[in-house]
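Me: I'm new to this one, so could you walk me through how some of its helices sit against each other?

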Amino acid sequence: MKSYKIAVLPGDGTGPEVVHEGLKVLEAVSRRYGFKTELQHYDLGGERYKKTGEVLPDSVLGELGQFNAIYLGAIGHPDVKPGILEKGLLLKLRFSLEQYINLRPVKLYEGVDCPLKGKGPADIDFVVVRENNEGLYVGEGEFLNKGTQDEVAIQVSRNTRRGVERCLRYAFEYTRKRNKRKTLTLCGKTNVLTYAFDLWERVFHEVGAKDYPDIKRDYAHVDATCMWMVKNPEWFDVIVTDNMFGDIITDLAAMIQGGMGIAAGGNINPKGVSMFEPIGGSAPKYTGKNVINPLAAIMALQMLLDHLGEEKAALEIEDSVRWVTARKLKSLAAGKMGYSTTEVGDLVAQGLDPKERK
Ligand code: IPM
Ligand code: MN
């Protein structure tokens, strides 16, 4: 029997509640498909930091590198200064484990309220491939004359040929495998960021023309991308972009697919250990109330299984989620679903069996 070692980092706030539902679905689907999982929980996050001052000890980082995948709940604690956990834990994991892709599928399921007038599931189905190790996120920069009237703050966007090329190749491969409109859109800002996106654009066309002639190449500035995403989301198939733009456009994209209740993402190292997470935060105000929507965490688990090669199990989870949104939930918003967090997990587990979708 196949067995996967999965590190579970429930994290802060509502993280543990939603991860609990994801693991419930994992348990049910692994029984149906005959694979095993060995789970190891880690208490990383705000509470541990407050108690011990530790964010991500090197020993733990070393251990995390040994798993088949990492399943993450949420990071962020109201009593911890912003930046400490984000940089010390989330970004540190992404960087140290060389998870150079942040993969964010954007799909509107039946029954989910979409804020765009006249748009439905047929119109909203694309994927954002966000570079995850470089750009403005490298933390390079400096203050000059700090605290004076002449202060200057410099923040560098670092884009390496190697980093850009591996991200673009992943995006081309993904577009080919996805096999929908076979269109890859580079989202950039070539009219202003004339170093960074000059490199991106050159490598995009060079690699695309040479190795991916079957994939149509398209380009949109980041501001226009936001506009099209609202006006004509059906134009997109796969979008590839840098770390910062990817961060911003995927929050917009999450809103058109129904919000943080359902949006999930993967931090991917194609040859190493990847990490999957709901893209929303730790939602302190809903913590412990059994009202938060666990579907995003369940979809993160779905992506994790797909990544491990359990494609059928992943498809079944997606079908069950689609049934739950179409036939069961009143809304995706916390407290307004018509079901509790644990009940939504139960429903998805139940609906794995098509005969039980009633
Ligand atoms: C995300 C988050 C993170 C990011 C934060 C928490 C550092 O917003 O995963 O999109 O900016 O990448
Ligand atoms: Mn973000």
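Reply: What follows is a short talk about confidence, helix packing and one glycine.

Me: Before that, what am I looking at, and how are things counted?
Reply: This is a predicted model, in which local features need pLDDT of at least 70, side-chain atom pairs count only at pLDDT 80 or more, and totals for chains, interfaces and linings use all residues. Residues are numbered from 1 along each chain as its sequence is written, chains are lettered from A and ligands numbered from 1 in the order in which they are written, and side-chain values use heavy atoms, with hydrogens and water left out.

Me: What does the protein chain average in pLDDT?
Reply: The average is 97, and 100% of the residues score at least 70; pLDDT is the predictor's confidence in each residue, from 0 to 100.

Me: And where is confidence lowest in the protein chain?
Reply: It is lowest in helix α2 (residues 46-52), with a mean of 95, while strand β10 (residues 238-241) has the highest, at 99. Helices (H or I, at least four residues) and strands (E, at least two) are DSSP runs, numbered from the N terminus.

Me: Ok, packing. At what angle do α1 and α11 pack?
Reply: Helix α1 (residues 15-33) and helix α11 (residues 341-351) pack at about 20°, and their axes are 9 Å apart. That makes α1 roughly parallel to α11, given that angles under 35 degrees count as roughly parallel, over 145 as roughly antiparallel, 65 to 115 as roughly perpendicular and the rest as oblique. Axes here are lines fitted to C-alpha atoms, for helices over the stretch in contact, and angles run from 0 to 180 degrees between N-to-C directions.

Me: Which residues make the contact?
Reply: From α1 they are E17, E21, K24, V25 and A28, and from α11 they are T341, T342, G345, D346, V348 and A349, where contact means heavy atoms within 4.5 Å.

Me: Which side chain meets D346 in a salt bridge?
Reply: The side chain of K24 does, at 2.7 Å from N to O; a salt bridge is a side-chain nitrogen of Lys or Arg within 4 Å of a carboxyl oxygen of Asp or Glu. Because D346 lies in helix α11 and K24 in helix α1, the pair ties together parts that are 322 residues apart in sequence.

Me: How many salt bridges does the structure hold?
Reply: The structure holds 32 salt bridges.

Me: What about α10 and α11, at roughly what angle do they cross?
Reply: Helix α10 (residues 311-328) crosses α11 at roughly 120°, and the axes come within 8 Å, which makes α10 oblique to α11. In α10, the residues S320, V321, W323, V324 and K328 meet V344, L347, V348, Q350 and G351 of α11.

Me: And how far apart are the axes of α1 and α9?
Reply: The axes of α1 and helix α9 (residues 295-308) are 8 Å apart, and the packing angle is about 45°. The two helices are therefore oblique to each other. On the α1 side the contact is made by V18, V19, E21, G22, V25, L26 and V29, and on the α9 side by A297, I298, L301 and L305.

Me: Switching topic, where is G88 found?
Reply: G88 is in helix α4 (residues 84-96). Not counting residues up to four places away in sequence, G88 touches V55, L56 and G83. From G88 to G259 it is 171 residues in sequence and 26 Å in space, C-alpha to C-alpha.
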